[in-house]
2 protein chains.
Amino acid sequence: MEGCTNCAACEVRGHGVCSALADKELERLSRAAVKVTVPAGHMFIEEGSDAHDFFNVTGGTVKLFKSLPDGRRQITGFVGVGHFLGLAVSDHYAFGAESVEQVQLCRFSRTKLETLMEEFPSIERRLLAEAANELVAAQDQMLLLGRKTAHERVASFLYGRLVEKYGEHIPPVADILLPMTRADIADFLGLTVETVSRTFSRLRREHLIGVGAGQDIHIPSVSRLEAIGSGDG
Amino acid sequence: MEGCTNCAACEVRGHGVCSALADKELERLSRAAVKVTVPAGHMFIEEGSDAHDFFNVTGGTVKLFKSLPDGRRQITGFVGVGHFLGLAVSDHYAFGAESVEQVQLCRFSRTKLETLMEEFPSIERRLLAEAANELVAAQDQMLLLGRKTAHERVASFLYGRLVEKYGEHIPPVADILLPMTRADIADFLGLTVETVSRTFSRLRREHLIGVGAGQDIHIPSVSRLEAIGSGDG
DNA sequence: CGGCCGCTTGACCTGTGTCAAGGGATGTGG
DNA sequence: CCACATCCCTTGACACAGGTCAAGCGGCCG
């Protein structure tokens, strides 16, 4: 099965690790990559298991998490198309990963990726840039978890979803479809399901969001939401 | 002042970025590096300011933090000797940095470090490894901030200090000297000064720690402390 | 000596967690 | 096509961990 992927025709060519490579280098990458489809709600990296592979997300949304022995869980990030997955790694994965919806992945063996990095230093540079971005996001999340109120956390979260969807160019009025459940959001924001639900209701009462069919969120004023999320509420 | 540093004789040769280089390559590094001494309690990176430089800590302890407009603050990490500082950076620093005690720094300009990376890919590899470690630490901290109790947070923190001091080989009975104030610890753990103080008192009552002259902590059973910090308490 | 700073402790308050109930959507088997 | 179960979400009543406010102590320094 290995080696039969066509990276040049990949839908995420231009994103993630792949964007670091010229077309001819991609051919080499193809031999190391395997495309995988994971159904919704399936754990494909178990916390603490042997770290054989790295992944690149080519479709859908993945949640990364860490757990305590009694089952308390913290989702450390939701990662979408184009993102790389497996940096925070020694011999064992330091985190678990589960698909939020159906997900497509591009899988590389660690050893193969390492030899590829030797050959193409641009991959390494690309990974360093990605790691730096993840660090910035992690620091933002620490500020959120350590110092923000529930109201601010949910507003930050929704704004973050807008950044994920639109990048730099977020329109002043926007909509999002949240693929994750309230429980996932709670585990991401360090809250309980009940508090997340109550906070959505409060934001609705305050006309800061409109909630459609549960997963559909309308945001009439992005700037107002962003202000609340960053503590200027 | 630039270029007069002797990296080969540096006390942290063997740590951090420098350990990635052979002796002869170090000479090149010397020309790009400047040694700086910062007095205790001095902010040397302001959140959001232009990111001109990278730093390597060669003495003392530094706190990194992010703040909200109303003054709430989250310390994202304490970094000690050998650690690199400035990864989570775009054009502007995404965080502030302040010395906890007197600190020695090795400063590089961003542009010079970038040309050095071109020349010596081993630096890049080294930075990627460092970034991966920081990511793991950040994920642990998110779990702490999102899901642990005050009791568990303080125990985790003390255990973390032991790891910083002893590396892999932590003795079963140990001592630490904490250079940071209770307020710093509170801002790191997402608590208030009062709660940190009360929790230290509780740990003392439980004979899990012995508190000397305020900054001196004796830990009679490291394994017990570690168990509490990781939620097995 | 006086002022400041860091730390601790007490009394009280509140935001969020816990527990419990119920409703809507979806799926399944009879 | 209709029970019936399951899952996700919401809401209410109440509890509690940790925050807030206030007081006091000891050490350090000018």
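Predicted model: local features only at pLDDT ≥ 70, side-chain atom pairs only at ≥ 80, totals over all residues.
1. Residues are numbered from 1 along each chain as its sequence is written, chains are lettered from A and ligands numbered from 1 in the order in which they are written, and side-chain values use heavy atoms, with hydrogens and water left out.

2. Strand E3 of chain B, residues 53-59, has 7 of its 7 residues buried (buried means under 20% relative accessible area, exposed over 50% and partly exposed in between, with a 1.4 Å probe and protein chains only). Helices (H or I, at least four residues) and strands (E, at least two) are DSSP runs, numbered from the N terminus. E3(B) runs antiparallel to strand E8 (residues 103-109) of chain B, with 6 bridges between them, and Gly59(B) stands opposite Gln104(B); two strands pair if DSSP finds at least two bridges between them.

3. Over all chains, 25 salt bridges are found, each a side-chain nitrogen of Lys or Arg within 4 Å of a carboxyl oxygen of Asp or Glu. Lys66(B) and Asp140(A) form one with closest N and O atoms 2.8 Å apart; since Lys66(B) lies in strand E4 of chain B and Asp140(A) in helix H3 of chain A, the pair joins two chains. Lys66(B) is buried at 9%, whereas Asp140(A) is partly exposed at 36%.

4. Leu29(A), in helix H1 (residues 23-32) of chain A, is buried, with a relative accessible area of 3%.
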